[in-house]
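Q: I have just opened this structure and would like to be guided through it. Could we begin with the strands?

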2 protein chains.
Amino acid sequence: MHVNILLFEGLTQLDMTGPYEVLAAAPGFSVDFVAKSPDPVRSDRGLCFVPTQTLASAPPCDLLVVPGGPGTDDAILDPDWVAFTRRQALGARYVFGICTGSLLLGAAGLLRGKRASSHWRARELLAHFGAVPTDARLCVDGNVFTAGGVTSGIDMALKVVATLCGDEVAKLIQLQIEYDPEPPFPGGTPRTSEPDIVRQYLAQSQARFELRSAKVRQAALNAPGGPAAADSAA
Amino acid sequence: MHVNILLFEGLTQLDMTGPYEVLAAAPGFSVDFVAKSPDPVRSDRGLCFVPTQTLASAPPCDLLVVPGGPGTDDAILDPDWVAFTRRQALGARYVFGICTGSLLLGAAGLLRGKRASSHWRARELLAHFGAVPTDARLCVDGNVFTAGGVTSGIDMALKVVATLCGDEVAKLIQLQIEYDPEPPFPGGTPRTSEPDIVRQYLAQSQARFELRSAKVRQAALNAPGGPAAADSAA
């Protein structure tokens with residue numbers, strides 16, 4: 001079982017390091033990190049990762065993993081990333097988008113008519129790519145796994161491993177990574193966080209949301225198959 | 001608030017990438033990744049990280065973060081890592097060990113008489129360093145935060161941020177990383193996982209446990225202040 005994880009500049013690193021820890025622990029799984037060049041890739045908060053493959057050298061994969069983050073907003077408008085994502089996904093058995101990684105899957109024309117999730121703040125934007133946004137933290141539609149924001153990738157990776165290797169393997173990995181979470185506060189979604197916290201986050205993320213919305217609309221025009229009805233109507 | 005995160009060969013990357021995502025999101029926090037040399041550091045499953053400082057160049061820090069993983073077993077016997085950890089920790093306002101990272105804190109003589117946690121499979125070994133092992137996922141004793149295995153670092157990082165910046169900042173970050181976990185199975189600790197899963201994990205981790213035990217005993221002999229009573233008696 002070969003896994004390719006996309007590494008684009010400005011990704012949110014926990015989107016992929018969480019699932020990676022789980023997937024790499026599954027027996028028989030090998031993992032490559034694919035970037036545009038062999039140079040280290042900088043995540044949104046600064047930590048740099050060394051890729052193992054480039055767009056040109058990456059082997060086909062059984063499972064394609066697409067993280068999100070601010071860098072998604074550029075990747076969805078980058079013909080190289082969009083074409084690579086589409087080509088790899090069409091050849092893979094499974095596709096796994098975390099956080100706003102699902103926007104790149106959408107820009108590659110892979111979510112038309114499919115239910116999909118994303119970071120809660122960006123979820124509605126999936127409609128521009130013809131997807132059916134869902135509020136679920138974990139969404140499975142056919143061979144496409146999409147998770148909500150950042151940490152939801154850990155939950156989903158365990159679900160992916162359970163699907164591919166059986167529940168027992170996933171449960172063993174869960175025990176190994178001591179995943180019996182105890183968040184110090186209730187919250188973590190707009191439904192469970194305190195209203196004042198949600199209001200603050202909405203305000204501080206508004207500029208990013210507007211920038212992202214504009215780029216998503218633009219990416220939707222270029223998406224294989226053309227813009228979705230939502231965009232044509234807009 | 002400056003944070004130094006230790007990067008030694010063979011670390012379990014999610015031990016530090018989880019907390020890093022949380023800490024780096026806190027206002028006014030800067031983060032360095034400290035390795036023995038400027039070369040990329042390989043984590044236990046292969047992903048390589050680019051350090052930003054070396055043992056020689058690292059600035060003092062307010063918060064020292066020590067991840068765990070198989071590489072801990074070598075780090076606790078490495079005089080450079082032990083001395084660096086001790087020196088940095090003694091100059092820091094807070095110390096944060098994740099998973100078996102607490103063994104390195106122990107080897108540096110920083111846990112004598114203190115309650116501390118670690119990965120559940122290694123917790124008892126803390127006694128060799130004069131610590132009082134606790135089964136808690138999150139343990140705070142004075143200025144020393146220690147978390148259980150791997151993913152518990154995310155919970156603890158939110159607690160650290162709440163302590164240093166107030167609850168509101170931690171709650172905002174929790175919403176940003178959409179941390180309202182939904183593990184697909186109950187489990188994740190020896191108390192909550194199914195007995196057969198626990199038995200399997202104990203069996204498959206036995207060799208590592210024995211190797212680690214031997215190295216911990218050896219490291220305890222070298223620890224500043226000499227071996228703890230538990231070792232003298234053994």
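Q: Which residue stands opposite A:C48?
A: In this predicted model, A:C48 stands opposite B:V50, a residue of β4(B).

Q: And what does A:F49 stand opposite?
A: A:F49 faces B:F49, which also belongs to β4(B).

Q: In which sense do the two β4 strands pair, parallel or antiparallel?
A: Strand β4 of chain A, residues 48-50, pairs with β4(B) in the antiparallel sense, over 3 bridges.

Q: What is the order of the sheet they belong to?
A: The order is β3(A)-β4(A)-β4(B)-β3(B), an open sheet of 4 strands with antiparallel pairing. The edges are formed by β3 (41-42) of chain A and β3 (41-42) of chain B; each has a single partner strand, so one side of each has no neighbour in the sheet.

Q: What holds paired strands together in general?
A: Strands of a sheet pair through backbone hydrogen bonds, in either a parallel or an antiparallel arrangement.

Q: Turning to the two chains, what rotation superposes chain B on chain A?
A: A rotation of 180°, with 0.0 Å of shift along its axis, places chain B on chain A with an RMSD of 0.0 Å. The two copies are therefore related as by a two-fold rotation axis.

Q: Which C-alpha of chain B is nearest the axis?
A: That of B:F49, which lies 2.4 Å from the axis. This is the residue that A:F49 stands opposite.

Q: How many residues are in contact between the chains?
A: 65 residues of chain B are in contact with 65 residues of chain A. The same surface serves both copies, since 100% of the contact residues of chain B recur in chain A.

Q: What area is buried there?
A: About 5800 Å² is buried between chain B and chain A, and carbon and sulfur atoms give 60% of that area. On the side of chain B, the residues B:R45, B:L175 and B:E178 supply 15% of the area that the chain buries against chain A, more than any other three residues.

Q: What does B:R45 meet in a salt bridge?
A: The side chain of B:R45 meets that of A:E21, at 3.8 Å from N to O. A salt bridge also joins B:E21 and A:R45, again with 3.8 Å from N to O. That pair crosses between chains, from helix α1 of chain B, where B:E21 lies, to the loop between β3 and β4 of chain A, where A:R45 lies.

Q: How many residue pairs are in polar contact across the interface?
A: The number is 41 residue pairs, counting those with both residues at pLDDT 80 or more. The elements that give two or more residues to the side of chain B that touches chain A are α1 (13-24), β4 (48-50), α5 (152-165), α6 (167-176) and α7 (195-204). The residues on that side divide into 31 nonpolar, 19 polar and 15 charged.

Q: Back to sheets: what is the order of the open sheet of 7 strands in chain A?
A: The order is β5-β2-β1-β6-β7-β11-β10, with mixed pairing. At the edges stand β5 (53-54) and β10 (138-141) of chain A; each has a single partner strand, so one side of each is left without a neighbour in the sheet.

Q: How do β1 and β2 of chain A run?
A: Strand β1 (residues 2-6) and strand β2 (residues 30-35) of chain A run parallel and are joined by 5 bridges. In β2(A), A:S30 is the bridge partner of A:H2.

Conventions:
Residues are numbered from 1 along each chain as its sequence is written. Chains are lettered from A and ligands numbered from 1 in the order in which they are written. This is a predicted model: local features need pLDDT of at least 70, side-chain atom pairs count only at pLDDT 80 or more; totals for chains, interfaces and linings use all residues. Side-chain values use heavy atoms; hydrogens and water are left out. Copies are superposed by least squares on the C-alpha atoms of residues with pLDDT of at least 70 in both. Contact means heavy atoms within 4.5 Å. Buried area is the accessible area (1.4 Å probe) that two parts lose on being put together, summed over both. A salt bridge is a side-chain nitrogen of Lys or Arg within 4 Å of a carboxyl oxygen of Asp or Glu. A polar contact is a pair of N or O atoms within 3.5 Å; within protein, one must be able to donate a hydrogen and the other to accept it, and residues adjacent in sequence count only if both atoms are side-chain atoms. Ala, Val, Leu, Ile, Met, Phe, Trp, Tyr, Cys and Pro count as nonpolar, Asp, Glu, Lys and Arg as charged, and the others, Gly among them, as polar. Two strands pair if DSSP finds at least two bridges between them.
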